[in-house]
Amino acid sequence: MFKKTALALGTVLGLVLSSGQTLAAYPEQEAKIVIPYKPGGATDIIYRVASGGAEKTFGQALVPVNMDGAGGVKGARFVKGTPADGYTLLAGHDFLFTTYYGKLSDFPYTVFDPVCLLTQTPNILVMRNGLPFSDWKGMLEYAKANPGKLSITYSPASTGTLFFDRILRLAGVDKKLFRVITINGTGPQIRAVLGGHADLAMGNVPSALSYAREGKLKMLAVSSEKRLDACPELPTFKELGVNFTYATNRGVFVPKGTGKAVIGKIAASYKASLEDADVRRKIADLGSIPVYMGPEDYGKFLSGQDALYRETFSK
C-alpha cells in the first residue's frame, strides 16, 4: 500500500515539476501574431512596431503574419482555431465587435482571452473640398436645410457605422438626412472624398492629415479627449459641444483557455515595448496614442466596449 501511494505521489510530483518547467521555459519557440489586414496600413505597421519592441522581453521572435479577409474575420477565425499555448496571437481591434453585431461573423470577442491594449487611434471627420460650408456648425446647418444632399461613406458593420451614428445623434441630427455610400476600407473612403464621390468620411491622422496639409480635403473635428499634437489646430467634438470621444482600440488576444502565466508573459513583453521611447515615437507618428492596459483592466474595458457596440448595432 505504501509503495503504491509513494508511486502515485511521485507521479503527481513529476507532472507538477514537468508542468512548472514547461511554464518556466515559455516561450521555447517563436510566436506568430496574426494581423488580419493587408500589409502597409496603420494597423499592420503599429503591430509590427510594438511586436518588434516586445521581442526583447519576450525572448523569442514575434513574427507578424498578415491574413486579411472579411473585415478581419478570416484572421480571427484562424487564431480561434489554434491551440491555446501562447504561440499564436491575434492583433485585434474593434472589428471583433462590429463584425459580430453586424452579423458578418458568428463568434463574439469572448472566444478569445484578452492580453493587453496597445494603442488608441482617435477618429477624424473629414469633408471634401467645394462644399458650401467650412466647419462643423456649417455642416449641420446645411444638412438640416438640404435633406439628402450630403453623403457619408463607411463600411457596413464598421467603426464608421458607430462613428456617424453617435456624432449625429449626439448633435441632434437625424442620420436619415444623409445619403450613405457603402465603401470598404478607410483608404478607399478617403479617396472617394478626394475624388468628390462622397462628401464626408471618417479618417485619422495616417489617412487624412497629409491631404489636409496639401489642401485636398478638410478636417472638421477629432474624437479625442484633447487636441492632437499632430494637428493642434483641429478642434475636438467636445469643444464643439458634442460629448463624444471615440478611438480605434488595438490590442492583443489569444485563444480562450490560454494559461494566465503565459498571458502575463506576453502582456509584460508588450508593456515593456510601449515604455520604449522609440516605439512610442513611431506609434505617435502614425497618429495613435500608446495606451497600455493589462489583462484584467483590458477585459473590463472590452466589456464596456461590447455594450456600446451592442447598443449601436441593435438599432
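Predicted model: local features only at pLDDT ≥ 70, side-chain atom pairs only at ≥ 80, totals over all residues.
Six strands form an open sheet with mixed pairing, arranged in the order β2-β1-β3-β10-β4-β11. At its edges lie β2 (62-66) and β11 (289-293), each of which pairs on one side only. From one strand to the next, the twist averages 25 degrees. The pairing of β11 with strand β4 (residues 112-122) is antiparallel and comprises three bridges. Within this pairing, glutamine 120 has isoleucine 289 of β11 as its bridge partner.

Two helices that pack on the sheet may be described in turn. Helix α9 (residues 260-274) touches β1 (31-35), β2, β3 (88-92), β4, β10 (247-255) and β11, and its direction makes about 15 degrees with that of β4. Helix α11 (residues 295-313) also packs on the sheet, where it touches β3, β4, β10 and β11. The direction of α11 makes about 70 degrees with that of β4.

A further helix, α3 (residues 73-80), contains the buried residues Val73, Gly75, Ala76 and Val79. Viewed down the axis of α3, these buried residues fall within an arc of 165 degrees, and they therefore line one face of the helix. In an α-helix there are 3.6 residues a turn, so residues three or four places apart point the same way. The buried residues of α3 pack against the strands β1, β3, β4 and β10, as well as against helix α4 (95-101).

Methods
Residues numbered from 1 in each chain as written. Heavy atoms only, no water. Pairing = 2+ DSSP bridges. Helix = DSSP H or I, 4+ residues; strand = E, 2+ residues; numbered from the N terminus. Axes fitted to C-alpha atoms, helices over the stretch in contact; angles between N-to-C directions. Contact = heavy atoms within 4.5 Å. Buried < 20%, exposed > 50% of the residue type's maximum accessible area, 1.4 Å probe, protein only. Arc of directions from axis to C-beta.
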